[in-house]
Amino acid sequence: MTNERTAAAVPPAFAKALDELSRATVRKELQFTEIPAPGRLAPFALALSGDVLEHAGPSHGRLGKEMGRTPFLQPAEQLATGRFILLYDPAGQQLWNGKFRIVTYIRARLENDMGQDSMLASVAWSWLEDALCERGAAYHSAGGTATRVISESFGNMAGEQDHIDIELRASWSPESEDLGVHLSAWADMVCTFAGLPPLPEGVQQLPRRRLS
């Protein structure tokens, strides 16, 4: 988490940031895991991985009846995946215009009709801006790229279904050390990329299916 530094050496500002993140409110559809943080971008860093999964549900027989008394659960489908990285440099960095920087990567598979939209990259960037605004996560010096990835299969993989993914790589500098709202906003972004609509607090999303 802190690039081989002892806990005693963690600056108070970064320790406070970690505490803020630990108390962030995020949507329940997103599954979090802490992963190794990059060691060369800043003296202190934290990295989280988040995935939105959807189980296809039980396998059914003819007329919709379940096969046997115990239904066979299909493997979970990954609707979207992302990385949230918090960087902290006590000396600050000119490019960041501050001491903290948040870096993110989000990828999701799209339905074919949406993947063909020429405005897709602009829409993906607007999802980032909207999520930060909705959570009141003030920021500056934002930048990034949104890429549409078209995958086609050839040779002995020609039978695989072609697909289109959207990738967002972005970073921004938070205006304050209240970083919990930035993690909440990022979690909202991943859920948006997964195709989940915004939900009022306390309301759970019903199972959904993607078009094949």
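**Helix faces and positive phi angles in a predicted model**

The structure is a predicted model, in which local features need pLDDT of at least 70, side-chain atom pairs count only at pLDDT 80 or more, and totals for chains, interfaces and linings use all residues. Residues are numbered from 1 along each chain as its sequence is written, and side-chain values use heavy atoms, with hydrogens and water left out. Helices (H or I, at least four residues) and strands (E, at least two) are DSSP runs, numbered from the N terminus.

The buried residues of α3 are Leu120, Ala124, Trp127, Leu128, Ala131 and Leu132. Seen down the axis of α3, these residues fall within an arc of 130°, so they line one face of the helix, the arc being that of the directions from the helix axis to the C-beta atoms. After α3 comes Gly136, with a positive phi near 70°.

In helix α1 (residues 12–22), Ala13, Phe14, Ala17, Leu18, Glu20 and Leu21 are buried; viewed along the axis of α1, they fall within an arc of 160° and therefore line one face of the helix. The face turned away from this buried side carries the exposed residues Pro12 and Ser22.

Positive phi values also occur in residues other than glycine, namely near 65° in Asn97 and near 55° in Ser141. Asn97 lies in the loop between β3 (76–93) and β4 (98–110), and it counts as exposed because its relative accessibility is 55%. Ser141, found in strand β5 (residues 139–151), counts as partly exposed at 30% relative accessibility.

Notes
Buried means under 20% relative accessible area, exposed over 50%, partly exposed in between (1.4 Å probe, protein chains only).
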